[in-house]
Amino acid sequence: MSDSDSEAMADAGVENPKLPPHLELRRTRVLCKADAPTSTDTVQYSGAYASLGVDNSLRFDDFRNNFRVQVNRISHEDMEFDMVGVDPSIANALRRILLAELPTMAIEKVLIANNTSVVQDEVLAHRLGLIPIKVDPRLFDYLSENDTSNEKNTIVFKLHVRCAERGQRLTATSNELTWLPKGSELLKTSESLTSTSKPETYTSFTCSQDSMPEFAGNPISVYPDIIIAKLGFGQEIELEAHAVKGVGKTHAKWSPVATCWYRMLPEVVLTEEIEGKKAELLKQKCPANVFEIEDLADGKKRATVARPRACTLCRECIRDGDDWEKRVSLRRVKDHFIFTIESTGALPPEVLFTEAVKILEDKCERVISDLS
Amino acid sequence: MEHASFGDQRNATFALAEEDHTLANALRFTLNQDPRVIFCGYSIPHPSEARVNVRVQTTGDPAREVLKDTCQDLMLTCQHIRGTFDNAVKDFRMKNPPDDLTSQEMDSD
C-alpha cells in the first residue's frame, strides 16, 4: 500500500515522496511506553527508506532551512536555549566539548611556606585547585614541562592568613587570595649566592601583568566567598599558588562549566478524548501540571495538554492499568534539544558555546589535514 | 593512518589518533547522510588508548575522498550552527535588554 502511495505521489510531480505517517512518527519521535522507550535510535542511513523511494540523506541546504536556535533565557552565568534540526550526535559532541575540552585557568602548583592549620597541605592544594578564576583563558598560553613560567602562561596568587591568639576562630575564604601581577615573591634558595645577581623566584615575569592592556583596570580575581580552610587560635597559612591553562580532560578543575546538559523536547498527545471525571483524575496525577481542564460549551470538561515542556517523563499518567497507556502518548522529539549551560564565571555561556563549536571545527580540520 | 586493500579504493579503515566519541560519532552521522556511503561505523579498540577506527565503504568513490568531503560538510554544519546561534543571542538581547539588577535576581531560582 505504501508503494502505491509513493508512486501516486511521484506521478503527481512531488519531488520528494514523503514517508507514511506511522513511519514518520517512528523516524522522528521516541515513544516512551510504560516499560521502556522505543524507536530511540535516529535513522541516519541515507538509504534507509530506499525501498519506499524516500531519500533519507540530509543535504546541507535542507539542514540550513530546518535548523533554528531559540534562546529562552540568558544571564551572565547560565543560559537555556532550544536547538532544532540537529542530530543527537552533534549535540552530544558539543556537550562533551563544553565539559572536557574548553580550556580554563586553574591553580596547579601551590608553594606552601607555612601551614599550621588542621587542613593537610595536599588537601589545601586540592581545594585551591577547584576555585574558579575569573579570567579569559584565551589571553594565556599553555605551560608545558620545558617552559619557564612567565606572564603569558601563569597567574600567581598569594594567601597569608593568621588567626589571632584570642577572639574568634578564623575562616579563610577565597577573598583572601590576592593577585600578584609581578609574579612570584618566594625566593629560590641556591647553594652559591652571588650578591650581584637578582634573587631568583619561582617565576620569571618580564613585565608586570597589570601593565598589559587586558588587565590594566581589570584585576584578575577568583570567585569570592568560597571557604578554603578554618583556622584555630594561633594557626597560620602562608602560601603562593600558580594557576595555569588546562582542559577538563586532564582534571575536572579545568572545566569551564559547572555543568551542561540537554534534554529532548517532550510531546504529550492525548490519543483519545478524555472527559469528565477521568479528565480531573489525569490532571491530578501529573506532578508537573502538564494537563489542564477546559470547559466545553455543553458543561462537560475535557483534558488538554497545556505545558508539554514541563513533562519530566515520570510516567505517572500512564501507570495504573493498560487503559491509560492507550489514552496518553508520551513522546520525545528526536531533533529538538533544550540545552542548558551553567558557566563557572570565567567566560559567559554564549561565548563558551561558540568556542565549543569552533573546537569541533578544528577537530575536523585536523582530520582533513591528516588525510591530505 | 589508512588501512585499505591494495587496488580497491572504495573500502578503507582510518585510524584517527587522539580522538574519541566526540568527533567519531558526529563523523559517523555525517558519513551516513552521504548517499555515496554503503556502510560506515567507528570503534574504539581500547578505552585507555585515544584511538578511533572509522570504517567507510562507498559505492565507487575512493573512501579517502568521501571522508574528506564529509569532514568539510561537518565543518560547514558547525559554521552554520555558530552563525545561527550568534544571531539568536543577538535577537534575544535586543528584545530583552540585559538589566544588571534583574538578571542577578533571576539567577537565584
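## Basis of the model

Contact here means heavy atoms within 4.5 Å. The structure is a predicted model, in which local features need pLDDT of at least 70 and side-chain atom pairs count only at pLDDT 80 or more, while totals for chains, interfaces and linings use all residues. Residues are numbered from 1 along each chain as its sequence is written, chains are lettered from A and ligands numbered from 1 in the order in which they are written, and side-chain values use heavy atoms, with hydrogens and water left out.

## B:Thr22 and chain A

B:Thr22 is placed in helix H1 (residues 21-33) of chain B, where helices (H or I, at least four residues) and strands (E, at least two) are DSSP runs numbered from the N terminus. With a relative accessibility of 1%, B:Thr22 counts as buried; buried means under 20% relative accessible area, exposed over 50% and partly exposed in between, with a 1.4 Å probe and protein chains only.

Leaving aside residues up to four places away in sequence, B:Thr22 touches A:Ala93, A:Arg96, A:Ile97, A:Glu101 and A:Lys363. With the side chain of A:Arg96, the side chain of B:Thr22 makes a polar contact at 2.8 Å; such a contact is a pair of N or O atoms within 3.5 Å, and within protein one must be able to donate a hydrogen and the other to accept it, residues adjacent in sequence counting only if both atoms are side-chain atoms.

## The two domains of chain A

Chain A is divided into domain 1 (26-49 + 59-102 + 255-371) and domain 2 (104-251), with bounds that come from an automatic or database domain assignment. The contact between them takes 13 residues from domain 1 of chain A and 14 residues from domain 2 of chain A. Together the two domains of chain A bury about 940 Å², 55% of it on carbon and sulfur atoms, buried area being the accessible area (1.4 Å probe) that two parts lose on being put together, summed over both. In domain 1 of chain A, the residues that lose the most area to domain 2 of chain A are A:Ala100, A:Ala346 and A:Leu347, together 38% of what that side buries.

## Helix H6 of chain A

In helix H6 (residues 276-285) of chain A, the residues A:Ala279, A:Leu282 and A:Lys285 are buried. They lie on the same side of H6(A), because they cover an arc of only 125° around the axis, the arc being that of the directions from the helix axis to the C-beta atoms. The face of H6(A) turned away from its buried side carries the exposed residues A:Lys277 and A:Gln284.
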